Amino acid sequence: MLRDVSNGGGAVEPMEQATYALGYNLAVEYLAAYEKGWMLDSFRALSDKTLAKNGRNVDWTFLEVHAEGEPEHADLGHNAVTCLVPAAHEDILRQAMLDHDRDFAIFYNYLADLLLDA
């Protein structure tokens with residue numbers, strides 16, 4: 001991830017590098033908008049299924065705040081891309097989003113496996 005973002009996806013021109021960074025961030029925010037809600041639901045279910053039975057109560061305030069705020073972050077990212085990225089940079093934007101998906105696929109698959117095993 002840092003390799004991709006820090007070198008602008010290999011782009012040379014500053015505006016292309018900025019487009020790449022905005023596209024990568026947009027992918028992060030769009031996914032996070034759903035991810036945080038799913039995580040909160042999953043952790044609550046895990047808590048009810050496992051932790052509560054052992055007398056443990058977990059306060060999910062941190063995750064609740066993030067789950068509520070992420071959709072706004074995605075909207076802000078979308079607005080930034082819409083206002084700042086030239087139409088000619090659509091391919092750079094798309095590549096940045098695909099690179100994000102590649103970079104995080106292993107992590108997301110690992111989390112899914114954990115939830116399936118719970």
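1. How many residues apart are Tyr20 and Tyr24 in helix H2, and by about what part of the helix are they separated? The two tyrosines lie four residues apart in H2, and they are therefore separated by about one helical turn. Please keep in mind, while reading this and the points below, that the model is a predicted one.

2. The structure holds three aromatic pairs. One of them is formed by Tyr20 and Tyr24, whose rings are 6.2 Å apart from centre to centre, with an angle of 35 degrees between their planes, and this pair is classed as tilted.

3. Helix H2 covers residues 14–51 and helix H3 covers residues 61–84, and where these two helices meet, their axes come within 8 Å and cross at roughly 155 degrees. Because angles over 145 degrees count as roughly antiparallel, H2 is described as roughly antiparallel to H3. The contact of H2 with H3 is made up of 16 nonpolar, five polar and five charged residues, and the crossing of the two helices is left-handed.

4. How do the axes of H2 and H4 cross, and within what distance do they come? The axes come within 7 Å and cross at roughly 25 degrees, and since angles under 35 degrees count as roughly parallel, H2 and H4 are roughly parallel to each other. In this case H2 passes H4 in a right-handed crossing, and the residues of the contact divide into 16 nonpolar, five polar and four charged.

5. The largest pocket deserves a point of its own, and its volume is about 320 Å³. The pocket is lined by 13 residues, of which Met39, Ser42, Leu111, Ala112 and Leu115 are the closest to its centre. When the lining is sorted by class, eleven residues are nonpolar, one is polar and one is charged.

6. Which helix gives the most to the lining of the largest pocket? Helix H2 does, with seven residues, while H2 and helix H4, which covers residues 90–117, each supply at least two residues of that lining. A reader who wishes to follow H2 through the model can thus return to its roughly antiparallel arrangement with H3, its roughly parallel arrangement with H4, and its seven residues in the lining of the largest pocket.

Definitions and conventions: Residues numbered from 1 in each chain as written. Predicted model: local features only at pLDDT ≥ 70, side-chain atom pairs only at ≥ 80, totals over all residues. Heavy atoms only, no water. Axes fitted to C-alpha atoms, helices over the stretch in contact; angles between N-to-C directions. Parallel < 35°, antiparallel > 145°, perpendicular 65-115°, else oblique. Left-handed = near helix turned anticlockwise from the far one by under 90°. Nonpolar A, V, L, I, M, F, W, Y, C, P; charged D, E, K, R; others polar. 1 Å grid on protein atoms, 1.4 Å probe; cavity = no way out; pocket = protein on both sides within 12 Å on 5 of 7 lines; lining within 4 Å. Points joined across faces, edges and corners; volume = space filled by probe spheres on them. Phe/Tyr/Trp six-rings, centres within 6.5 Å; stacked < 30°, edge-to-face > 60°.
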